[in-house]
Amino acid sequence: MGPDLVVPPLFSPIPPAIHPRHAEIDVQTSAWAETFRIGSEELRSRLVRQDIGNFAARILPEGREGVVSLLADFVLWLFGVDDGHCEEGELGHRPGDLAGTLSRLLRVAQTPQAPMLLDDPLAAGLRDLRYRVARYGTVGQTARWVEALREYFLSVVWEASHRSRGTVPDLNDYTLMRLCSGATTVVLPMLEMGGGYELQPSERDSTHVRAVAELGSFIITWDNDIFSYHKECTGEGYYLNVLRVLEEEQGLSTGQALATAISQRDRAMCLFMRLSASLSEHGSPQLRQYLYSLASYIRAAQDWGISSVRYSSPDHPAGIPSTFRDTPTDPRHEPLGIAAVDWWWDLLPESAPRVGIPALQNA
């Protein structure tokens with residue numbers, strides 16, 4: 001059933017939005033990729049057709065244009081690393097060598113003036129991105145961006161270790177690492193940069209705000225796994241996503257794994273909405289803007305996931321829906337039975353609102 005899997009419309013209570021300069025940003029990102037020669041010519045030709053500028057414009061529909069353009073270039077760069085080094089390149093099967101390569105790139109992000117990897121296009125692109133991050137972000141935001149990049153690199157090395165052995169992790173480990181391997185956490189500081197504000201550490205680092213950010217990462221990566229399943233399972237190499245993990249661990253058919261993954265992301269979405277609404281009632285204006293941006297990021301990934309030729313094209317059509325549904329398939333307010341994340345459900349007060357979300361009204 002795998003390659004012929006039909007994905008039903010997914011639950012999305014978040015309204016869509018896009019930056020008015022999305023077309024220009026997409027053109028600029030394609031030009032940036034060519035300027036810095038991101039990836040091989042074949043990979044680059046694919047990436048510039050995947051509407052990555054539109055994706056960034058949906059994440060920050062009201063953001064500063066320079067930051068939206070920076071985010072678009074960064075997302076394309078991430079695909080250059082993930083596709084070129086990890087999934088399609090030889091390094092993706094050599095975790096030790098991959099760790100060394102990514103550590104050198106991390107040093108470029110930490111200290112862009114260091115004379116390292118001067119002939120490496122990915123390093124040159126990252127150096128440009130790092131200088132622009134410092135231009136638009138504070139010292140603290142820049143540092144968090146670099147540290148989130150470290151988390152992402154660590155997670156893809158972990159993936160490479162499984163790829164090198166042909167093994168599939170259990171659901172708990174996969175969930176824990178997927179919160180970083182989707183590179184969602186590296187985008188979070190850019191949400192603040194796009195709005196021109198900075199969250200106070202007392203808010204950003206609180207357990208509740210960290211949980212709502214992780215919920216956003218969970219929903220985005222589960223949706224990505226669902227939308228990318230056709231592309232991945234029909235490819236020639238090793239692939240790893242939540243459907244395969246559920247098939248292996250629980251002995252499910254692909255259709256059953258899809259239904260389980262949808263149930264999990266629906267329950268997470270319901271919790272995200274309620275926890276965001278609860279936080280926005282007493283949070284600062286900056287926190288309400290951050291929650292709005294998180295919601296926009298979730299919806300951006302959904303809209304891009306069902307429309308980009310990255311996951312479905314006329315040459316390789318996938319059973320991806322063209323619309324979303326207004327109600328969850330599973331509205332239960334219960335943990336998922338995944339130890340790494342079940343604590344999220346302990347944070348919501350009984351009096352938390354069940355419908356409506358002030359966070360979606362940009363402060």
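The protein chain of the predicted model contains 14 helices and two strands. Its radius of gyration is 19 Å, close to the 21 Å that the globule rule gives for 363 residues, so the chain is as compact as a globular protein of that length. The C-alpha trace spans about 55 × 45 × 35 Å along its principal axes, and 57% of the 363 residues are buried. When contacts between residues at least 6 apart in sequence are considered, 77% of them join residues that are at least 24 apart.

Helix 3, which comprises residues 52-59, is largely enclosed by the rest of the structure, because seven of its eight residues are buried. The buried residues in this helix are Ile52, Gly53, Asn54, Phe55, Ala56, Ala57 and Ile59. They pack against helix 1 (22-36), helix 2 (41-47), helix 4 (65-87), helix 9 (184-195) and helix 14.

Helix 14, one of the elements against which the buried residues of helix 3 pack, is also in contact with helix 13. Two packed helices are described by the angle between their axes and the distance between the axes. For helix 13 (residues 254-282) and helix 14, the axes come within 9 Å and cross at roughly 160°; with angles over 145 degrees counted as roughly antiparallel, the two helices are therefore roughly antiparallel to each other. The crossing in which helix 13 passes helix 14 is left-handed. On the side of helix 13, the contact is made by Arg265, Met269, Phe272, Ser276, Leu279 and Ser280, whereas helix 14 contributes Leu287, Arg288, Leu291, Leu294, Ala295, Ile298 and Gln302. Classified by residue type, this contact of helix 13 with helix 14 has eight nonpolar, three polar and two charged residues.

Arg299 also lies in helix 14, which covers residues 285-307. The relative accessible area of Arg299 is 11%, and because this value falls under the 20% cut-off, the residue is classed as buried. When residues up to four places away in sequence are not counted, Arg299 touches Ser12, Ile14, Pro15, Pro16 and Phe324.

Conventions
Residues numbered from 1 in each chain as written. Predicted model: local features only at pLDDT ≥ 70, side-chain atom pairs only at ≥ 80, totals over all residues. Heavy atoms only, no water. Helix = DSSP H or I, 4+ residues; strand = E, 2+ residues; numbered from the N terminus. Buried < 20%, exposed > 50% of the residue type's maximum accessible area, 1.4 Å probe, protein only. Contact = heavy atoms within 4.5 Å. Axes fitted to C-alpha atoms, helices over the stretch in contact; angles between N-to-C directions. Parallel < 35°, antiparallel > 145°, perpendicular 65-115°, else oblique. Left-handed = near helix turned anticlockwise from the far one by under 90°. Nonpolar A, V, L, I, M, F, W, Y, C, P; charged D, E, K, R; others polar. Rg over C-alpha atoms; globule rule 2.2 N^0.38 Å.
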